[in-house]
Amino acid sequence: MSKVLLELKDICKAYQDGSEKRLILENISLSVEAGEFAAVVGPSGSGKSTLLSVAGLLLTPDSGSILIAGKDVTSASKRERTGIRRRQIGFVFQNHNLLPFLKTEDQLSFVQDRGVKDKSKIDELLRELGIESCRSSYPAKMSGGERQRTAIARAFINDPDIILADEPTASLDAERGRAVAEMIKAEVKKRNKAAIMVTHDTRILDLTDKVYRIEDRRLVAEQ
Amino acid sequence: MRYALKEIAFEKKKYILIELLLILLMFMVLFLSGLASGLGRAVTSAIETMDADSFVVDESAEKMITVSKVETGLLDELRAKGVEAAPLDIHRMHIRKQDDDEKLNITYFAIEAGSFIEPEVIEGKGLSHSDGEATILLDDDFRVEGISVGDKVVDAAAGTEFTVAGFVKDRMYGHTSVGYITTDSYTKLRQALSPMYVPEYHAIAVKGDKDLGLDPDILESVSKKEIIKNIPSYTAENMTITMIVWVLVIISAVIIGIFNYIMTLQKRRQFGVMKAIGLSGGELAGMLICEVCIVSVFAGIVSLGLTFGMAAAMPEKMPFYLEVSNAVTVTAAFVVISVLSSLLSVINISRIDPIIAIGGGDNE
Ligand SMILES: Nc1ncnc2c1ncn2[C@@H]1O[C@H](COP(=O)(O)OP(=O)(O)OP(=O)(O)O)[C@@H](O)[C@H]1O
Ligand SMILES: [Mg+2]
């Protein structure tokens, strides 16, 4: 059995909604192994992004614990969380969220860990994602698919343990969306990462290893 | 640093505009500060450049040479003690060219020919080179009036004639140019005006810090700095302009701060994303401060260049005097205040929650 890289245990999360608390996630548990590509689906407003934010240490759960690469990070300080996000988590957002003032290769070197200015790693990722030709382009001059592929390359640059993607294909048409999901899958398999992808697009679910659905605040595995 | 530069390069237009604004402001600051010290110099330069460390004046003169009276005997007393001392009288009068009725303001500095407070000439000869006739060394501003070495000038009130022996540079006192004459000439001039005049000195200039053994009830030794401060109107004039200069420095620096703050407000989402992907608050603050430094240092250097270029092209008589050290201080202060004022943006960034990176969100 492969190593579990991400483990959520009994996560509860509620938002303050006016005067009352609204529970969004209730006792959610989930584990993702190295080399596993999991999908999370569910209706709009069901809490998919909330779950991903908890896993990505952007939100603190009300209860439950988070383990990344076997280490409990539930009560890490703000500073530690930032470091963990930098080194152990790769994010792919719905709209690329690239920095407008950086060329593709700088997008990667910018987040690359201090000290490890490894140019060959950048070259390798650009090649694998087929965006070598965009190396010196600004995001504004690239197509949506190229931008999203750059964002994927950025997510992988620090060799993280887990990849979290929130609707990475939503801004693309079906064909390009599928190509992007395929690339995430290929990188996850090759580099042996644990990945969660939140998506609305049922047509790309066949690319994933497991599909979870959030329904009535709970997470259920689909089969 | 690298990424800060890239961001500036990407936002060229915005940054060029702000640079222009800052360069103009800083240029104004430096220019004013040049004028301020120029005006200040016009009041003090003859004292400032004098090769003396302190002045003996009478106790009741309140540190003003022009109203002080010192007996001539004191000079010999001091010299007998081995003190390097030289007599000095300062007297504001008018002179005119020999065949001209136009009166020119002058402040006589009556000194002993060859003493250590005699300035170096930039043209002609020193006071001790006279062939019996009364000589005068003039500030080079008098050249503009068409006076040259060998000409005769006349004291407008006493009618005493002086031959111009030479010119000295940058010697002003109380907004007038200085003329150096010998103590003997000065005594004669005073006696021509009032026959009752008894020779005495306004002050005695002293070099070194030997104990003078003065009677504290009658006499007082005052440092050069204190003497300059007490020249009438000097402090008041100087303070006003210095205030204006510093207010302008602060305004320019705050403009950078505000500009920066607006930029960070516009880029909230960008900062959220950077935080989400693991850039620490310190790194972001570093980048921001780096940008501010680049912008302000650049504006500072360009305006320094402009100011000194302008100063070189300015007419002689313009009271402009900017010491490099002074200008650099002002510029450095500007950079420092800019950085301080951008701390507001740093605080703003530190408050951004990286969660805004998740979800579709409104762009930018
Ligand atoms: N900061 C917040 N404060 C209060 N309520 C919030 C906050 N963020 C999200 N919510 C609510 O929590 C619920 C879940 O939001 P979430 O963004 O996780 O949904 P989602 O499944 O990602 O939806 P979508 O598919 O539309 O992206 C929504 O009903 C939303 O209104
Ligand atoms: Mg969502």
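Is B:Ile258 buried, partly exposed or exposed? I looked it up, and B:Ile258 counts as partly exposed, at 48% relative accessibility. My scale is under 20% relative accessible area for buried, over 50% for exposed and partly exposed in between, with a 1.4 Å probe and protein chains only.

**Ground rules.** I am working with a predicted model, where local features need pLDDT of at least 70, side-chain atom pairs count only at pLDDT 80 or more, and totals for chains, interfaces and linings use all residues. Residues are numbered from 1 along each chain as its sequence is written, chains are lettered from A and ligands numbered from 1 in the order in which they are written, and side-chain values use heavy atoms, with hydrogens and water left out.

**Entry: the patch on chain B.** I found B:Ile258 in helix 6 (residues 234-266) of chain B. Helices here are DSSP runs of H or I with at least four residues, strands are runs of E with at least two, and both are numbered from the N terminus. Together with B:Ile250, B:Val254 and B:Ile262, B:Ile258 forms a nonpolar patch on the surface, with about 330 Å² of accessible area for the group. Areas come from the Shrake-Rupley method with a 1.4 Å probe, and for residues only the protein chains shown count as cover. Patch members have over 30% relative accessible area and no salt bridge; nonpolar side chains (Val, Leu, Ile, Met, Phe, Trp, Tyr) are joined within 5 Å, like charges within 9 Å.

**Entry: helix 7 of chain B.** Next I checked residues 268-276, which make up helix 7 of chain B; eight of its nine residues are buried, so this helix is largely enclosed by the rest of the structure. Among the buried ones I noted B:Phe271, B:Val273 and B:Met274, and also B:Arg269 and B:Lys275. Just after helix 7 of chain B, B:Gly278 has a positive phi of about 100°.

**Entry: helix 6 of chain A.** This helix covers residues 174-191, and its 18 residues reach 26 Å from first C-alpha to last, close to the 26 Å expected at 1.5 Å a residue. The expected span is 1.5 Å times one less than the number of residues. Which residues of helix 6 of chain A are buried? I listed A:Gly177, A:Val180, A:Ala181, A:Ile184, A:Glu187, A:Val188 and A:Arg191. A reminder to myself: an α-helix has 3.6 residues a turn, so residues three or four places apart point the same way. On the other side, A:Glu175 and A:Lys190 are exposed. The cover over the buried residues includes helix 4 (119-128), helix 5 (144-156) and strand 7 (162-166) of chain A. Just after helix 6 of chain A, A:Asn192 takes a positive phi of about 60°.

**Entry: positive phi in chain B.** Most residues other than glycine have a negative phi, and most peptide bonds are trans. B:Lys63 is not a glycine, yet has a positive phi of about 65°; I placed B:Lys63 in the loop between strand 1 (54-58) and helix 3 (73-80) of chain B. B:Asp170 also has a positive phi, near 60°, and lies in the loop between strand 7 (161-168) and strand 8 (172-173) of chain B.

**Entry: two buried residues.** B:Asn348 sits in helix 10 (residues 343-351) of chain B and is buried at 10% relative accessibility. Beyond four places in sequence, I found B:Asn348 in contact (heavy atoms within 4.5 Å) with B:Tyr261, B:Thr264, B:Leu265 and B:Arg268. B:Phe27, in helix 2 (residues 12-48) of chain B, is buried at 18%. With the sequence neighbours up to four places away left out, B:Phe27 touches B:Ser303, B:Leu306, B:Thr307 and B:Met310.

**Entry: salt bridges.** How many salt bridges does the structure hold over all chains? I have 34 written down, each being a side-chain nitrogen of Lys or Arg within 4 Å of a carboxyl oxygen of Asp or Glu. One of them joins A:Arg217 and A:Glu26, with the closest N and O atoms 3.1 Å apart. That pair links distant parts of the chain, 191 residues apart. Finally, a network of salt bridges links A:Glu124, A:Glu128, A:Glu187, A:Lys190 and A:Arg191.
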